[in-house]
Amino acid sequence: MDEETGCVKAIVNASALTALRTAAGSVLATRLLSKPPISLVAFGAGKQIEAHVDLHIRAYPSIKRCVIVNRSRNMRLENLLSELRRSHPLVTLEGLAADDTTDVQNAVSHASVICTATSSTHPLFPSEWVSPGTHLNLVGSFKPGMIEVDCDLIRRAGTIVVDSAEACAVEAGELIAAGLKAGDMVEIGRLVEDRQGGLQGETQMRTGDVTVFKSVGVGLQDVAIAEHVVSKAESLAVGTIVENFYV
């Protein structure tokens with residue numbers, strides 16, 4: 001909507017943009033909290049994981065191997081792997097079924113970064129599989145009953161970095177299960193402000209042997225990326241203009 005008149009400015013398909021902006025937030029968290037990764041493990045096979053893997057590989061040429069874990073080796077996983085292999089031929093991409101316990105444990109234990117985007121209601125893997133120094137981006141859960149990692153892993157992280165402390169305190173199942181309140185979290189925007197203001201380390205954070213970024217989704221991010229895309233489309237004369245359309 002137009003910020004001055006309130007009229008509809010554009011109609012945009014939001015599903016792809018939501019996946020993109022969520023993945024962009026995770027890449028930002030990886031950049032702020034982790035060393036350049038070498039290996040990536042992702043849980044899920046939907047648009048969110050496609051965007052997370054794609055953007056991480058684009059942002060980090062250091063990534064040489066990526067493992068995607070899905071509930072089964074179905075066509076959805078195979079199609080995703082084929083698409084990512086076409087886009088990133090220099091990266092070794094492998095798919096695993098969640099019940100391939102030995103292989104999944106090995107992948108998790110060697111991961112530099114782990115991204116999860118599932119609707120799971122129980123931990124996808126135990127804390128002891130995760131090696132010290134690993135960074136995790138958790139974006140799947142958005143209700144109290146949805147949980148992707150266990151309480152032990154959350155407690156290992158020290159201060160949890162989130163997109164919105166207020167929202168995560170009532171929506172992020174993993175953080176609620178671990179007994180975290182809004183005051184136990186630091187919003188990623190604070191860390192960005194510190195960097196931009198030359199105040200790196202100004203925000204007080206408890207350190208752990210892993211780092212965690214938890215996102216439940218912030219609507220304002222959708223508005224921001226949609227505004228950017230519409231502005232870019234206008235400058236490139238892309239899209240369909242509907243004359244005399246006012247709502």
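W129 is buried, its relative accessible area being 15%; buried here means under 20% relative accessible area, exposed over 50%, and partly exposed in between (1.4 Å probe, protein chains only). The structure is a predicted model, in which local features need pLDDT of at least 70 and side-chain atom pairs count only at pLDDT 80 or more, while totals for chains, interfaces and linings use all residues. Residues are numbered from 1 along each chain as its sequence is written, and side-chain values use heavy atoms, with hydrogens and water left out.

**The loop between β4 and β5**

W129 lies in the loop between β4 and β5. Setting aside residues up to four places away in sequence, W129 touches T101, V104, Q105, V108 and S109, where contact means heavy atoms within 4.5 Å. The C-alpha atoms of W129 and A107 are separated by 9.1 Å, although the two residues are 22 residues apart along the chain.

S127 is found in the loop between β4 and β5 as well. With 4% relative accessibility, S127 counts as buried. Its contacts, leaving aside neighbours within four places in sequence, are D150, D152, L153 and R156.

A further residue of this loop, F125, forms a pair with F43 of strand β1 (residues 39-43). A search of the whole structure finds one aromatic pair. The ring centres of F43 and F125 are 5.1 Å apart and their planes meet at 35 degrees, so the pair is tilted. By definition, rings of Phe, Tyr and Trp (its six-membered ring) pair if their centres lie within 6.5 Å; planes under 30 degrees apart count as stacked, over 60 as edge-to-face and the rest as tilted. The pair links distant parts of the chain, F43 and F125 being 82 residues apart, and both residues are buried.

**Two helices**

Helices (H or I, at least four residues) and strands (E, at least two) are DSSP runs, numbered from the N terminus. The expected span of a helix is 1.5 Å times one less than its number of residues.

| Helix | Residues | Number of residues | C-alpha span, end to end | Expected span |
|---|---|---|---|---|
| α1 | 14-33 | 20 residues | 28 Å | 28 Å |

In α3, L77, L80, L81 and L84 are buried. These residues cover an arc of only 100 degrees around the axis, which puts them on the same side of α3; the arc is that of the directions from the helix axis to the C-beta atoms. An α-helix has 3.6 residues a turn, so residues three or four places apart point the same way. The face of α3 turned away from its buried side carries the exposed residues M75 and R86. Among the elements that cover the buried residues of α3 are α2 (47-59), β2 (65-70) and β3 (92-97). In α1, the buried residues include L17, A19, R21 and T22.

**The chain as a whole**

The secondary structure comes to nine helices and eight strands. For 247 residues, a compact globule would have a radius of gyration near 18 Å, and the chain has 19 Å, which agrees; the radius is taken over C-alpha atoms, and the globule rule is 2.2 Å times the number of residues to the power 0.38. Along the principal axes, the C-alpha atoms fill a box of roughly 60 × 40 × 35 Å. Buried residues make up 45% of the 247 residues. Of the contacts with a separation of 6 or more, 74% are between residues 24 or more positions apart.
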